[in-house]
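Here is a short briefing on the fold, its ring pairs and its backbone details. Keep the coordinates open while reading.

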Amino acid sequence: MSAVAADPGVLSAEMQALWARVAADTGPQTDPTLLPAAEGRAQSARNNTRWNVNLPPMAVDRQVWVAADSGLGSHPCRMRILSPANAEGGVIFFVHGGGFAFCSPETHERFARVLAEEARMSIVMPDYRLAPENPFPAGLLDTVACLRAVLDGEIEDVDCRPLLIAGDSAGANLALAAILHELRDDRALPDGGLLFYGCYRCDLSGESYRRFENGPGLTTERMRRYWNWYAGDQAIDSDELACPLVATDDALSRLPPLYLMAAGVDPLFSDTMALQARLTALHRNDHIDIIAGVTHGFLQNTNELEAAREALRSAGAAARALKNRT
């Protein structure tokens, strides 16, 4: 585990300054989860445009479509492919976050491009179906179908090995759930995973959900609404494909090597720490970085925050290390 400040949950001066600038620029805004889904999604997309500037150039930037798989239950799904000039082989299959309901490969474009450069690997990003219109397991099934297409070598000019699966927030949930899904089906697995400040259970009783109940940024009630949208009218709290923290010890012990990252000022902090505790109890050697003083979603801010740039340098190094283990 990386060294952290005595209390990683104290907002850093750099993060405070960024929040102040955002508040001055945008003024009061309605919580997007209190809007109709399409309106909240549009507001989220507009807000994310501020982070997707000064984009690192890519040697490859293209889109492909993965056909629907009727046996799996997936729908046709677009994938964005980014490859940096310094690519050295291998691919990161990156699942964007957004509460299962918002965002896209484009809202996470700078994040993905910086990670691609730091890892020296290509990035493939699925544009999976979103809740609440498409509740669990729709987004997961699209993610699995796209992952299979890459692993099966169906995508032209994309390395299928080594392959790391990655995701942030809800995307980390989907990435981990995709591995568990493929374990169940005895299918080919990624060679490793990069999981950034994920949500791994719909139990919001963890200490960080109380401490950071009102943010800044993500709040506990907003997270509750995301989970409700994702669940629809289903009970999902005991399903490992929705809440990976309820997976059996056997399933977790069979996961490929993982790299975890937690943000110190984040309601989801408890989820990453609970996952790390489960993995450690199984005598695994998964690495975790705790980034002190930053809020949920801070890796969107690599144009503004040195902490975000440094965190992705660490994630890139972790990706290269995982790739070299194959």
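Buried means under 20% relative accessible area. Phe-196 has 0% relative accessibility, so Phe-196 counts as buried. The model is predicted.

**Aromatic pairs**

- How many aromatic pairs does a search of the whole structure find? The search finds 10.
- A pair of aromatic rings is described by the distance of the centres and the angle of the planes.
- Phe-102 and Trp-229 form an edge-to-face pair, because their ring planes meet at 80 degrees, with the centres 5.9 Å apart. The cut-off for edge-to-face is over 60 degrees.
- Phe-102 sits in the loop between strand 3 and helix 3, and Trp-229 sits in helix 7 (residues 220-231), so this pair ties together parts 127 residues apart in sequence.
- Both Phe-102 and Trp-229 are buried.
- Phe-111 and Phe-196 are also edge-to-face: the ring centres are 5.7 Å apart and the planes are at 65 degrees.
- That pair links distant parts of the chain, with Phe-111 in helix 3 and Phe-196 in strand 6, 85 residues apart.
- Phe-111 has 1% relative accessibility, so Phe-111 counts as buried.
- Phe-94, Phe-111, Phe-196 and Tyr-259 are linked by ring pairs into a cluster.

- Is strand 4 (residues 122-126) enclosed or open? Strand 4 is largely enclosed by the rest of the structure, because 5 of its 5 residues are buried.
- Both faces of strand 4 are covered. Ser-122, Val-124 and Pro-126 are buried on one side, and Ile-123 and Met-125 are buried on the other.
- Strand 2 (residues 77-83) pairs with strand 4 in the antiparallel sense, over 4 bridges. Within this pairing, Met-79 has Pro-126 of strand 4 as its bridge partner.
- Strand 3 (residues 91-95) runs parallel to strand 4, and 3 bridges join them. Val-91 stands opposite Ser-122 of strand 4.
- The chain passes from strand 3 through helix 3 (residues 109-119) to strand 4, in a right-handed β-α-β crossover.

- Asp-142 lies in helix 4 (residues 138-151). Its relative accessibility is 1%, so Asp-142 counts as buried.
- What does the side chain of Asp-142 make with the side chain of Arg-129? The two side chains make a polar contact at 2.8 Å.
- Neighbours within four places in sequence aside, Asp-142 is in contact with Ser-74, His-75, Cys-77, Tyr-128 and Arg-129.
- Asp-142 and Leu-245 are 103 residues apart in sequence, and their C-alpha atoms are 21 Å apart.
- Glu-109 lies in helix 3. Its relative accessibility is 9%, so Glu-109 counts as buried.
- Leaving out neighbours within four places in sequence, Glu-109 is in contact with Asn-52, Leu-55, Asp-61 and Arg-80.

**Helix 9**

- Helix 9 (residues 269-281) has 13 residues and should span 18 Å at 1.5 Å a residue. Its end C-alpha atoms are 19 Å apart, which agrees.
- The buried residues of helix 9 are Phe-269, Ser-270, Asp-271, Thr-272, Ala-274, Leu-275, Gln-276 and Leu-279.
- These buried residues pack against several elements, including helix 5 (170-184), strand 6 (192-196), strand 7 (258-265) and strand 8 (287-295). Helix 6 (207-211) and helix 8 (249-253) are also among the packing partners.
- His-283 follows helix 9 and has a positive phi, near 65 degrees.

**Backbone details**

- The peptide bond from Ala-131 to Pro-132 is cis, with omega near 0 degrees. Pro-132 is in the loop between strand 4 and helix 4.
- Phe-136 and Pro-137 are joined by a cis peptide bond, with omega about 10 degrees. Pro-137 is in the loop between strand 4 and helix 4.
- Arg-120 has a positive phi, near 60 degrees, and is not a glycine. Arg-120 lies in the loop between helix 3 and strand 4. Its relative accessible area is 31%, so Arg-120 is partly exposed.
- Asp-157 has a positive phi, near 65 degrees. Asp-157 lies in the loop between helix 4 and strand 5 (163-168). Its relative accessible area is 71%, so Asp-157 is exposed.

How values were computed
Residues numbered from 1 in each chain as written. Predicted model: local features only at pLDDT ≥ 70, side-chain atom pairs only at ≥ 80, totals over all residues. Heavy atoms only, no water. Buried < 20%, exposed > 50% of the residue type's maximum accessible area, 1.4 Å probe, protein only. Helix = DSSP H or I, 4+ residues; strand = E, 2+ residues; numbered from the N terminus. Pairing = 2+ DSSP bridges. Right-handed = clockwise from strand over helix to strand, strands pointing away. Contact = heavy atoms within 4.5 Å. Polar contact = N/O pair within 3.5 Å; in protein donor to acceptor, adjacent residues only side chain to side chain. Expected span 1.5 Å × (residues − 1). Phe/Tyr/Trp six-rings, centres within 6.5 Å; stacked < 30°, edge-to-face > 60°.
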